[in-house]
Amino acid sequence: MAVVIDGKEAAASVIAAVTEASASLESETGVKPGLAVVIVGDDPASHAYVNSKGKMAKQCGFKSIQHSLPADTSQETLEKLVAELNADPSIHGILVQLPLPKHLNAEPVILSVSPEKDVDGLHVVNAGKIATGDLATGLISCTPAGAMLLVNRIHGRDLSGLNAVVIGRSNLFGKPMGLLLLAANATVTMAHSKTKDLGSVCRNADILVAAVGRPQMVKADWVKPGATVIDVGINRVAAPDKGEGKTRLVGDVAYAEAAEVAGAITPVPGGVGPMTIAMLMANTVIAAYRTAGKTAPGF
Ligand SMILES: NC(=O)c1ccc[n+]([C@@H]2O[C@H](COP(=O)([O-])OP(=O)(O)OC[C@H]3O[C@@H](n4cnc5c(N)ncnc54)[C@H](OP(=O)(O)O)[C@@H]3O)[C@@H](O)[C@H]2O)c1
C-alpha cells in the first residue's frame, strides 16, 4: 500500500514558515506583506476561494485586501484597478481570481499585473523565467510549486535518474510543472490529449503527475509499481451512495486501485489542493522580502 502524501500537513508547515518570515520581516524593516485579491462577478465557488485566501493571508500576518467588482465590470476598469495596485507600495502581491466573466479577456489582465507582484506566477515574465531555468528571481505558479514541494518530500530536491510524466500541458499547471521537474534533473515527458498509448507512457514514470480534469482516468495498470503519483485533478462527481443528489470530489487518478500499486500518492481532497493557497502566501512573503531589499526565504 502506498504512502499517502498529506497535503494538509505540508501546507500547514509552509503556512507556519510564511507566518514566521512575515513577522521577522515586519520586525526588522517595518514592512508588512500585503496581498490584494480582485474578484469580478458573483460565482459562488470563486468567492469561496477568495474568502479563504483572505482569511489565510490574515492568519499569516499580512495586510489583506479584497476588491469585489460587479459582473458587468469593463476591461478598462479592471485594468485600471490593477494599475493602482501595481503602484501601491503597501501591496506586494496581486491576484485576479480566474475565470473572469466571459466578456472580459483574461490575458491582458494577467499581463497588466507587475511581474514582481504576480503572486499567481502567470505573467509571461515569470513563465519565461521558469522556462529559462531561473527559479531564483521570478514567482512560480502556485499549484505546480506546491505539487513540486510534495514531490521533494518523497524524493528530495534532486530528481536525477528519475523519469517523470506530466499528463496535461496547460499554462496554469502542466507546462510549469514539467519545467520544474526538468530543473530538478528529472527526465520529463509531457503528455496530452494527442499522446498515443498514454497508459504505456505513464507506466514508464517514477513520478506520475495527472492534471487533466477527467475523473479517475489514470488506472492502476498505468502506474509503475512503487511510483510517486501526484493527482492534481479536482472533479465533482455524483455520489448516489451518499444520498440522492449528493456529490463528491475525486481526482484524475482512480485512487483506491492506484494506491495498491504506487509507492506514494496524493489523495483528493487533501493532497495538492491545500498546497496552492499555501504557495500563494509563500509567493507574497517572497515578493515583500524582495521589495524590502532582503533575501527571500525558500520553501
Ligand atoms: N489548486 C489545485 O489543486 C488545482 C489548480 C489547477 C488545476 N487543478 C485541476 O487540475 C486539472 C487540470 O487543470 P488545468 O487547468 O491544467 O486544465 P486544462 O487547461 O483544461 O488542461 C487539461 C490538459 O489535459 C489534457 N487532456 C485532456 N484530455 C486528455 C486525455 N484524454 N488524455 C490526455 N490528456 C488529456 C489536455 O490536452 P490538450 O492540451 O491536448 O487539450 C490539456 O493539456 C483540473 O481538474 C483542475 O481542476 C487543480
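## A first look inside

The structure holds 1 cavity of 30 Å³ or more. On a 1 Å grid over the protein atoms alone, a cavity is a set of points where a 1.4 Å probe fits but cannot get out, while a pocket is an open set with protein on both sides within 12 Å along at least five of seven lines; lining residues have an atom within 4 Å of a point. A volume is the space filled by probe spheres set on the points, with grid points joined across faces, edges and corners.

This is a predicted model, in which local features need pLDDT of at least 70 and side-chain atom pairs count only at pLDDT 80 or more, while totals for chains, interfaces and linings use all residues. Residues are numbered from 1 along each chain as its sequence is written, and side-chain values use heavy atoms, leaving out hydrogens and water.

## The cavity

How much space lies in the largest cavity? About 80 Å³. Its lining consists of I94, L95, V96, L98, V109, I110, V113, D118, D120 and L122. By type, these residues divide into 8 nonpolar, no polar and 2 charged. Here Ala, Val, Leu, Ile, Met, Phe, Trp, Tyr, Cys and Pro count as nonpolar, Asp, Glu, Lys and Arg as charged, and the others, Gly among them, as polar.

Strand β4 (93-96) and helix α4 (106-112) each supply at least two residues of this lining, and the largest share, 3 residues, comes from β4. Helices (H or I, at least four residues) and strands (E, at least two) are DSSP runs, numbered from the N terminus.

The protein chain is divided into domain 1 (26-115) and domain 2 (142-274), with bounds that come from an automatic or database domain assignment. Their C-alpha centres lie 29 Å apart.

The largest pocket has a volume of about 1,400 Å³. Its lining has 49 residues, and the closest to the pocket's centre are K53, D120, T143, L172 and T276. D120 also lines the largest cavity.

About 550 Å³ of space lies in the second largest pocket. Of its 23 lining residues, L135, I140, R157, G298 and F299 are the closest to the centre. Helices α6, α7 and α10 each supply at least two lining residues, and α10 gives the most, with 5. This lining divides into 16 nonpolar, 5 polar and 2 charged residues.

## A pair of helices

Helix α10 (residues 273-291) also packs with helix α1 (residues 7-29), at an angle of about 20° and with axes 9 Å apart. Axes are lines fitted to C-alpha atoms, for helices over the stretch in contact, and angles run from 0 to 180 degrees between N-to-C directions. The two helices are therefore roughly parallel to each other (angles under 35 degrees count as roughly parallel, over 145 as roughly antiparallel, 65 to 115 as roughly perpendicular and the rest as oblique).

## Backbone details

A cis peptide bond joins L98 and P99, with omega of about 0°; P99 is in the loop between β4 and α4. Another cis peptide bond joins V268 and P269, again with omega of about 0°. P269 sits in the loop between β11 (264-265) and α10.
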